[in-house]
Amino acid sequence: MTQPIDISGYTRITESIRTEAKRILSDGTVSAVIGYTHVRRKGSTQPILITNPDDSEKLFFSEGCLNNLVVYLTKSKKDVPKTGKIGIVVKGCDLKAVVGLLGESQLKREDIYLIGVPCNGVLGSLINPATELNTKTIAAKCRECTDRMPVGADFVPPVELAAMPQMEATYSDKIAKLEAMTPSERWEFWKEQFSKCIKCYACRQVCAFCYCEQCVCDRNRPQMVEQSPRPSGNFSWHLVRAIHLAGRCVGCAECERVCPMDIPLNLLNRKMAMEMKELFNSEAGFEVREKGPLNSYDEHDDESFIR
Amino acid sequence: MQKQITEANLRLLIDSLLLKGQRVVGPRQSGAMVLYEPLSSASDLVFNEQPRRSAKEAFFPICEDLLEYRKNGQQIDLEDIEPSRFPETVLIGVRPCDAAAMPVLDSVFSWDYKDQFYLERRSRTIIIGLACTSADDACFCTAVGLSPGDSKGSDLMFSHLVNGGFLVESHTDKGALFLESWKDRFTEPDGSKTLPLAQPEATPFDLKKIKGWLDDHFEDPAWDSIATRCVGCGACAFVCPACHCFDIIDEGTEKSGKRRKFWDACGFSKFTNHASGHNPRDLQPKRYRNRIMHKFKYYDDKFGQNLCTGCGRCIRVCPVGIDIAGILEEIEKK
């Protein structure tokens, strides 16, 4: 049965974000703040970068604030000025991306000011943005979220989170189904999914961890991966991405949300995360790690797969 | 010429076409999405949902082979793909915002270079449009000079009748010929009313005024505030009925392979990357500016048309909520 989700706290969070953004811009703590703002369509939102304290009024937080804004802090987004300290609005899932980037030496903690949002979830999609947040419309990642309160942010709006209704964990369900398949059935499943890919690279462009200045899949001298949107090249592309993200992906699920062809990309990433947890007892969290599991060697690493 | 057809007769007609071996493409369920895809039976056709991608791919596919090469010792054998082998196609259930893009694209694909891959498909296809009876808040065809019942680009235009079935209007010789060859399936109009057209909440833009601003504002701070948020994917261009940029690449091995043509997008950072490494559009706002300029200025300068039919797809799929209708509104106010 569909149940509503209490997001009455978002109004106070909005006020709190505005006040804080105004304060840190006015007193020179930061040179810019990246947050969310309204757009023409009711319920829709878009990222905004403000530098003027008076523009703080443009910021807000709602169930439509889906974007993981952390992507704008990476070196691949050259348009966003990286001079001075930057304030950024993050949900718990987004904050884990900051943590990952700190561990990969892509960010310095002293260069960012984290405005953490206590979060009761966001919508799964903005295709029809004027949608009420309930147990049906909520993003799949929010169903099984354990990070509603951001940990280690510089500022968190003093808002108590409302209790959440019980929801089924959709990713674990789907992964269990995939695991129950035979290898050839699984192959067919992913083959069909990847055949839908049109190589728009929205998944890569919104990913905080796809910060390579030259993606291996864009190389043509020599070509490393077939670039044309055909089944073989599509498969290569998605496998390259899954492997590159293993042990790094924080599950913000932006890739899956933005895919205009509805490819369940986060399902693949969640499965990889489960493997990382099982093999290396490693998972994305709020603690900065110097080295990811696939960048380090430990004598106790499981070697049973080598036969 | 006006005719009428019941939904049952339309389905029979489609099945007859399919039985004859005719290729029929129309909106159908494809996984969880609706896409324009070849129908395998008349029951596949869905009327009530705008396909996720536009109908341009019937003429300009996502990816197609241009030629094949094989190396034999010192000799290289080339084999062309023969565009005259493309099948005759009935493209049915086409949204007015998709059909309207076809005459616009004809200008560029038959301009200084005649693109036989596009043109041959075009000449072998009849477009049967279907008037829209519902719109969402991303739809804005009425703002760019079109309407949910516009017949631009359609050979035949279908409109839902109040009591089921469709009113059919022929707009080209191709359309009239089709009605003639299947006259048993159609009847004379009995005066039944058509369903009210969709009413997108968009008021017409002053496109001349917008172009006037674009003419003088290649450099303007507005581009930064509009498009610094653009993450540089190709989603908008790929779902767009009018975007038509493509890349050509040779794929294969030293011994054999294919030359392929596939969709490209001006949002990609490598779109204008020179072999030297220099990129004249080095930042995202410059790339997004090109999207707007191409649609509402350059194409107008060259062909007197706009590259936007207000289908709203780019607004729905943009990962960062960039709203082209909102941007045009903003420019119009300047």
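This briefing describes two contacts in the structure above: one between chains A and B, and one between two domains of chain A. The model is predicted. Chain A meets chain B through 34 residues of its own and 36 residues of chain B. Within chain A, the domain assignment gives domain 1, residues 9-143, and domain 2, residues 170-295.

**Contact between chain A and chain B**

- On the chain A side, two elements each supply at least two residues: the strand β2 (45-50) and the helix α6 (202-205).
- β2(A) provides the largest share of that side, with 4 residues.
- Sorted by class, the side of chain A that touches chain B holds 15 nonpolar residues, 9 polar residues and 10 charged residues.

**Arrangement of the two domains of chain A**

- The centres of domain 1 and domain 2 of chain A, taken over C-alpha atoms, are 24 Å apart.
- Where these domains touch, domain 1 of chain A contributes 23 residues and domain 2 of chain A contributes 25 residues.

**The domain 1 side of the domain contact**

- In chain A, α2 (92-103) and α3 (140-143) are the elements that give two or more residues to the side of domain 1 that touches domain 2.
- α2(A) gives the most to this side, with 10 residues.
- By class, this side of domain 1 of chain A is made up of 11 nonpolar, 7 polar and 5 charged residues.

Conventions: Residues numbered from 1 in each chain as written. Chains lettered and ligands numbered in written order. Predicted model: local features only at pLDDT ≥ 70, side-chain atom pairs only at ≥ 80, totals over all residues. Contact = placed C-beta atoms within 7 Å. Nonpolar A, V, L, I, M, F, W, Y, C, P; charged D, E, K, R; others polar. Domains from an automatic or database assignment.
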